[in-house]
Amino acid sequence: MSGELIDPPATALAAEVRRLLDQCAPVVVAHSERSYQFAAGFAAADNVELDDEVLYLGTVLHDVGLSPAGDGTERFEVRGANLVRALLLDHGMERDRIANVWDCIAMHASTPLARHKSPETRYANRGIALDVRGSGAEALESALLRAALDRWPRHDFPAEFEAVLADEVRAHPDSVRMSWLESVASVHVPGFVPADFLAGLRATEGFA
């Protein structure tokens, strides 16, 4: 540990793949760093052993789909997961571990799904959720929490991160259908109408 912070895994792969984070907005970089500290801290507090390289890559790169490197038509979580998967395949990581990283990234904002996946996916989601929602901090060591917030201050995180998400939904409005990002699109995309599942279901009444 560096002071009260948790050191990332000292592997060549982690250092190489991490360069993707440099393409993200500063607010995303700081959020990702805090999220890893919180995720690893939760695992340590629970005495859960896991694959720290997978946890690190899956947590610190969970929002890389919001960067220029992750452009595409899929939801940003999937774009980021696919981007990191391709890079890890090029570096020869084992496929089952790559699949685990993919889950961490693709499901980072889907708590009901993440909690039924690997320990790495669950703890990545838990750390990320703490930084976004600010709940659950009482389960962390207070010194680690303070050190992470001092090293990567939140400052105007809610407003700055909303701006990043607003840019995302304006650029890819069709990708957010039936997702949590619809609430962002409803505010920031003129004329956006959230999907109506029941209307779609009822419209199939004559299908036979």
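**Notes on the pockets and cysteines**

1. In this predicted model, the largest pocket has a volume of about 300 Å³. Its lining is made up of 17 residues, of which A109, V132, R133, F161 and W180 are the closest to the centre of the pocket.

2. As for where the lining of the largest pocket comes from, helix 7 (119-133) and helix 9 (157-171) each contribute at least two residues. Sorted by class, this lining comprises nine nonpolar, five polar and three charged residues.

3. The second largest pocket holds about 170 Å³ of space, and 16 residues line it, with G65, L66, S67, P68 and E168 lying nearest its centre. Helix 9 gives the most to this lining, supplying four residues, and the classes represented in the lining of the second largest pocket are seven nonpolar, four polar and five charged residues.

4. Turning to the cysteines, a search of the whole structure finds zero disulfides. C24 is in no disulfide, and the nearest cysteine sulfur to its own, that of C104, is 16 Å away; C104 is likewise in no disulfide, with the sulfur of C24 as its nearest cysteine sulfur. A disulfide is counted for a pair of cysteine sulfur atoms within 2.5 Å.

5. Are these cysteines buried or exposed? C24 has a relative accessibility of 10% and therefore counts as buried, and C104, with a relative accessible area of 1%, is buried as well. The cut-off for buried is under 20% relative accessible area.

Note on methods:
Residues numbered from 1 in each chain as written. Predicted model: local features only at pLDDT ≥ 70, side-chain atom pairs only at ≥ 80, totals over all residues. Heavy atoms only, no water. 1 Å grid on protein atoms, 1.4 Å probe; cavity = no way out; pocket = protein on both sides within 12 Å on 5 of 7 lines; lining within 4 Å. Points joined across faces, edges and corners; volume = space filled by probe spheres on them. Nonpolar A, V, L, I, M, F, W, Y, C, P; charged D, E, K, R; others polar. Buried < 20%, exposed > 50% of the residue type's maximum accessible area, 1.4 Å probe, protein only.
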